[in-house]
Amino acid sequence: MRKIMRLELFLVVSALLGTACKPLSKVAGRNKLLLISFDGFRWDYDQDVDTPNLDQLAVDGVKAKYITPPMLTMTSPSHFTTITGRWVEDHEVVHNMMFNTTTNQKVPHKETLKRSEWWDNGVLPLWITAQDQGLKTASFFYPGGAAKYRGKAVNRVLLEEPNHKDDNETEWRQNINTVMRWFSEEDFSLVTLYYGEPDNVGHAKGPDHPDRKKIIQQIDRTIGYLREAIEQHHLNDSLNVIITSDHGMTTVKKRPQVDELILNKYLNLFQLASFEILDYGGFGIITPKPGKEQEVFDALSMAPNLTVYKKNEIPENFHLGKSERLPPIVVVADLGFNLNSRIIIYVNKGDHGFHNGEMDMKTIFRAFGPDFKRNFLSEPFDSIHIYPLMCKLLQIEPAPHNGSLTVTEDMLQHNGGSQNARLSVALLLSMLLFTFTTL
Ligand SMILES: *[C@@H]1O[C@H](CO)[C@@H](O)[C@H](O)[C@H]1NC(C)=O
Ligand SMILES: *[C@@H]1O[C@H](CO)[C@@H](O)[C@H](O)[C@H]1NC(C)=O
Ligand SMILES: *[C@@H]1O[C@H](CO)[C@@H](O)[C@H](O)[C@H]1NC(C)=O
Ligand SMILES: *[C@@H]1O[C@H](CO)[C@@H](O)[C@H](O)[C@H]1NC(C)=O
Ligand SMILES: *[C@@H]1O[C@H](CO)[C@@H](O)[C@H](O)[C@H]1NC(C)=O
Ligand SMILES: [Zn+2]
């Protein structure tokens, strides 16, 4: 009789424990996460170059055929979608440059990285959500990392110096060493690490230039270095790594192959527009003067090699239309056509900002570490789904987001850390139970 009562009591206690211990069991199986972004790494950049380390990653981990960035295919908007899991219309980082359509103020990209008022629009990035749940996080040059969100800063932030050289391989390795120390000596759980290549080379030389292949080989060596560093810091079994990017790159079409676009040929920008950002790749925004919206729209509709949208008629699957910041007119050029305003000042040989359905805008996804399957080739998916995957890996409660874990969870080992931990708690309890009942 007493024995049975004790058994019942114990069952109740263990049921209670089961709930109460959840956070504990979670911590026990939690691995660390490094998110690396190589800006402008087109999905197929490794296919015409020898990349032994990237190839080995595909064997040791997960490779997606390619992934699709959000509209718009630009550095800050896309990176912020990855780290928030929200569409651009929700997070409102609608350009690399902060702007004000009333004052005509435009802040350059590097400067914008420091301006919280551009980034902090009510949507919380992963760093802050993870910190709120007790984890230590850091941003190494990652866009949005230097802003404050609801007054909160990321635990540790490094921001690129002005005139920072993007392609210094020695510095790339030093940065990896730094990040490894943060993980192994200071117990950071999440670090996001950003590299400005191969975007720079892609713009300056074009995606087909031999120098683009060289920088991909430099990236490949860096990934080899990363894997050695992980081993030296004894992080093989506790660090998951995701390697991705924000968009692809396409060759800019120039004379005599095509007639380059100069929008002022189709509408008098000075007379019809009060604000514009053109001359910035394949994506443009225009605020017509009061009452001139239809005139601007009609004039641009006559222009070749681009699509003009009224903001309230933007296709829903762009997930841009609800943005308050976007001006009333949005222009997307056909692949390879840059949107020049008055003269062709844009000397880039490669560019992005084009429709995310274009293969040239697609980008990469690789992952490896204790929670990932080996030799797993994933079908293509939207970059928005990286966010819930990262939350799952870190075992934190995600903030509201637009991604879906079902898209990416197949790439995870079935008995990942958390399940192992829960399993051992259950095992422990049943052993205790056995001891009690046989007393
Ligand atoms: C733009 O600047 C004006 C004048 O300084 C200011 O009133 C307005 O709030 C600014 N708009 C935005 C969206 O920041
Ligand atoms: C590259 O980075 C290393 C380490 O930070 C530095 O010592 C070196 O001067 C840099 N090289 C160039 C060309 O900037
Ligand atoms: C760690 O991973 C590397 C591959 O990057 C492998 O060569 C090494 O054997 C692993 N070390 C351990 C201790 O598992
Ligand atoms: C650009 O537009 C012109 C005029 O409509 C057209 O003839 C040409 O085929 C277009 N070019 C491309 C590459 O689509
Ligand atoms: C994206 O997620 C937010 C937050 O849950 C939600 O308000 C919004 O409606 C979602 N957007 C779409 C297109 O589903
Ligand atoms: Zn770029």
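Which residues does Leu190 touch, not counting residues up to four places away in sequence? They are Leu33, Leu126, Trp127, Ala130, Leu135, Thr137 and Leu394. This is a predicted model. Its chain has 439 residues, of which 45% count as buried. The secondary structure comes to 16 helices and 18 strands. Take contacts with a separation of 6 or more: residues 24 or more positions apart account for 76% of them.

**The nonpolar core**

- The largest nonpolar core holds 104 residues.
- Leu34, Val179, Leu190, Val191, Val331, Met390 and Leu394 touch the most other members.
- Helix α14, residues 386–394, gives this core its largest share, 7 residues.
- The core lies between two domains, because domain 1 (24–98 + 107–245 + 356–411) and domain 2 (263–347) both give residues to it.

**Helix α14**

- This helix is mostly covered, with 8 of its 9 residues buried.
- The buried ones are Ile386, Tyr387, Pro388, Leu389, Met390, Cys391, Leu393 and Leu394.
- Gln395 follows α14 and has a positive phi, near 55°.

**Thr75, a buried residue in α4**

- Thr75 is found in helix α4.
- Thr75 counts as buried because 24 other C-beta atoms lie within 10 Å, and the cut-off is 20 or more.
- Thr75 touches Asp39, Asn96, Pro143 and Asp246, not counting residues up to four places away in sequence.
- Thr75 and His352 are 277 residues apart along the chain, yet their C-alpha atoms are separated by 9.4 Å.

**A hairpin**

- Strands β11 (residues 273–277) and β12 (residues 283–288) run antiparallel and are joined by 4 bridges.
- Phe275 has Thr287 in β12 as its bridge partner.
- The two strands, β11 and β12, form a hairpin with 5 residues between them.
- Asp279, in the turn, has a positive phi of about 50°.

**Backbone exceptions**

- Most residues other than glycine have a negative phi, and most peptide bonds are trans.
- Arg150 has a positive phi, near 50°.
- Arg150 is found in the loop between β6 (137–140) and β7 (156–158).
- Arg150 counts as exposed because it has 10 C-beta neighbours inside 10 Å, and the cut-off is 12 or fewer.
- Asp187 also has a positive phi, near 60°.
- Asp187 sits in the loop between α9 (169–186) and β8.
- Asp187 is exposed, with 10 other C-beta atoms within 10 Å.
- The peptide bond joining Glu197 and Pro198 is cis, with omega about 10°.
- Pro198 lies in the loop between β8 and α10 (199–205).
- Another cis peptide bond runs from Arg255 to Pro256, with omega near 0°.
- Pro256 lies in the loop between β10 (250–251) and α12 (269–272).

**Around ligand 5**

- The residues around ligand 5 are Trp87, Asp90, His319, Pro400 and Asn402.
- This shell divides into 2 nonpolar, 2 polar and 1 charged.

Note on methods
Residues are numbered from 1 along each chain as its sequence is written. Chains are lettered from A and ligands numbered from 1 in the order in which they are written. This is a predicted model: local features need pLDDT of at least 70, side-chain atom pairs count only at pLDDT 80 or more; totals for chains, interfaces and linings use all residues. A nonpolar core is a set of buried Ala, Val, Leu, Ile, Met, Phe, Trp, Tyr and Cys residues joined through C-beta atoms within 7 Å. Domain bounds come from an automatic or database domain assignment. Two residues are in contact if their C-beta atoms, placed from the backbone, lie within 7 Å. A residue is near a molecule or strand if its C-beta atom, placed from the backbone, lies within 6 Å of it. Ala, Val, Leu, Ile, Met, Phe, Trp, Tyr, Cys and Pro count as nonpolar, Asp, Glu, Lys and Arg as charged, and the others, Gly among them, as polar. Two strands pair if DSSP finds at least two bridges between them.
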